[in-house]
Amino acid sequence: MLCLTDIIRDHEPSLQPLLRAIAETPTLTAMLVAAWPLARVLALQVVAAVLKERAGRPTSWPPCPVCGARLESKGFVERQVTSLFGRLRWRRRVGRCPRGCSLPAIAPLDAALGLAPYQRSSGELQALGCALAVFVPFATAATLLGWYSGRRVSPGAVWEWVQAAGQQAMAVLQGQLDALAAGEMPLVEPLDAAQAAMPLVIGADGVMVPLRPVAGTPKGQTSWREVKVGILARLGQQRTRAGQVVPRLYQRRLVAVLGTIEALKPRLWLAAVRQGITRAPRVVWLSDGARGLWGVFEEYFIAYATGVLDFYHAAQHLWKGAAAWLDGRTTAARRWFEAARHRLRHGPPAEVLAELAAAVEGEGLPATARATLLKVYAYLDQHRDHLDYAAYKALGLPLGSGMVESACKWLIQQRFKGVGMRWSETGFDHLLHLRLAWVNGSFETLFQIRLQPSPNK
Ligand SMILES: [Zn+2]
């Protein structure tokens with residue numbers, strides 16, 4: 001009985017050197033690396049055979065887009081694209097207008113295969129290149145693709161794929177935003193029953209990114225601009241190996257925009273509706289002191305969400321007050337601060353506010369200290385409804401916005417702030433939206449492919 005290796009050897013003598021390379025390699029790793037070129041050649045042959053068969057089928061010619069006359073075949077012309085397996089070549093019929101209209105040759109098979117007229121690389125290669133570029137620099141992504149495809153892939157090609165796909169992702173989002181603005185409610189993302197019963201946590205933060213000051217040139221001083229990032233997630237719990245119960249985020253979704261708070265608002269609201277803000281059993285808005293972000297809360301979320309001012313941020317303000325009032329170097333200042341922080345954490349917010357008010361009234365207080373204390377009082381008073389930490393703790397809600405801030409920083413920091421990196425506004429936007437598609441689970445839909453194996457196989 002012939003085994004597959006013998007069949008390949010007998011039928012394709014040209015593959016002999018590839019088979020020999022595998023046989024002559026000592027280690028398993030080297031053997032598998034040597035097997036990859038063979039796998040590529042075989043895959044290309046199988047696909048080429050299918051393409052040949054399809055190209056041989058009768059073609060139904062479309063009408064000329066200029067004059068409407070039925071196009072006529074001008075015979076077979078070679079087509080090639082670079083794929084994940086290397087260069088794929090096949091021949092297919094092309095047609096022209098019988099009346100001589102000036103048109104590029106039309107190949108109905110290309111269209112049926114989902115190929116654009118001047119497309120030089122296939123979709124799965126572009127999708128993998130874009131997936132890599134979500135995490136690593138374009139040049140690294142190109143090198144990795146080159147290893148697998150056996151052909152050199154240029155960083156410029158990966159960059160172009162990212163621009164095209166990112167633009168598409170932005171267009172999809174814009175369509176959703178327009179629909180929402182026109183009063184059309186988006187579909188709510190499905191959740192399993194356990195997650196649907198968890199609180200929905202929403203927060204936002206700003207992160208700076210380095211941009212080129214002038215489009216089209218790397219010259220000039222870096223211009224830093226703020227990206228507004230929002231996060232939405234279901235808050236559950238997880239038991240660690242040491243038996244500790246720690247919070248864990250499920251169904252994490254990020255939104256981001258290189259722009260103003262005004263641009264963030266509809267994006268965050270769209271995501272909130274899709275994450276079920278109107279039916280979640282409890283919604284929490286977590287944020288540090290940034291005024292603009294609390295404006296978003298007041299405009300969009302206050303009817304649904306409990307607002308929580310980051311505890312550490314609130315405590316910092318108490319310390320500012322203590323230091324101004326009692327001199328930050330003294331034990332008295334430290335003692336007052338620790339007591340006040342304890343009260344803030346465990347008691348009703350009114351107690352701490354009353355204490356601050358009493359301090360402001362204190363006799364012999366220098367004017368500058370009084371001014372600082374008044375500012376701290378005003379700040380905490382403004383957040384009076386967001387300071388009930390004892391109640392939040394009892395409900396199992398987080399007191400700090402750390403998880404919000406770390407998710408937001410990760411989205412930007414990991415990819416956009418490498419040594420020497422500076423971005424054009426559009427280049428940044430395109431990659432940002434691909435990265436969002438990746439973390440939000442919509443990357444495969446964007447490329448209309450399915451890379452993840454289905455769980456029951
Ligand atoms: Zn014509």
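**Sheets, cores and a zinc site in a predicted model**

Strand β4 (residues 223-239) is joined to β5 by twelve bridges, and the two run antiparallel. The model is a predicted one. Across this pairing, glutamine 237 stands opposite proline 247 of β5. Both strands belong to an open sheet of five strands. The strand order is β5-β4-β3-β6-β7, with mixed pairing. β5 (245-258) and β7 (305-309) are the edge strands, each pairing on one side only. On average, neighbouring strands of this sheet are turned by 30° against each other, direction ignored. Helix α16 (residues 402-416) packs on the sheet. The helix touches β3 (200-211), β4, β5 and β6 (283-287). Its direction makes about 30° with that of β3.

The nonpolar interior was examined next. In soluble globular proteins, nonpolar side chains tend to be buried together. Here the largest nonpolar core has 100 residues. Trp285 and Phe301 are those with the most contacts inside this core. Neighbours within four places in sequence aside, tryptophan 285 is in contact with residues including Ile202, Ala204, Leu268, Leu293 and Trp294. Val296, Phe297, Phe301 and Ala305 are also among its contacts. A second core, of eight residues, is separate. Among its members are Leu44, Ala55, Val81 and Trp90.

A further pairing involves β1 and β2. These strands form a hairpin with two residues between them. Ten bridges pair them in the antiparallel sense. Phenylalanine 76 has arginine 93, in β2, as its bridge partner.

The model also contains a zinc site. Its protein donors are the SG atoms of Cys64, Cys67, Cys97 and Cys101. They lie 2.2 to 2.4 Å from the zinc ion. Angles among the four donor atoms are 105 to 112°, and the site is tetrahedral. In sequence, the donor residues follow the spacing C-x2-C-x29-C-x3-C. The pair of cysteine 67 and cysteine 101 links distant parts of the chain, 34 residues apart. Cysteine 67 sits in the loop between α3 (28-56) and β1 (72-83). Cysteine 101 sits in the loop between β2 (86-96) and α4 (108-112). Cysteine 67 counts as partly exposed because its relative accessibility is 32%. Cysteine 101, at 22% relative accessibility, likewise counts as partly exposed.

Note on methods. Residues numbered from 1 in each chain as written. Predicted model: local features only at pLDDT ≥ 70, side-chain atom pairs only at ≥ 80, totals over all residues. Heavy atoms only, no water. Donors = N, O, S within 2.8 Å, 3.2 Å for Na, K, Ca; no water. Tetrahedral: all angles 85-135°; square planar, octahedral: opposite > 155°, others 65-115°. Helix = DSSP H or I, 4+ residues; strand = E, 2+ residues; numbered from the N terminus. Buried < 20%, exposed > 50% of the residue type's maximum accessible area, 1.4 Å probe, protein only. Core = buried A, V, L, I, M, F, W, Y, C linked by side-chain atoms within 4.5 Å. Contact = heavy atoms within 4.5 Å. Pairing = 2+ DSSP bridges. Axes fitted to C-alpha atoms, helices over the stretch in contact; angles between N-to-C directions.
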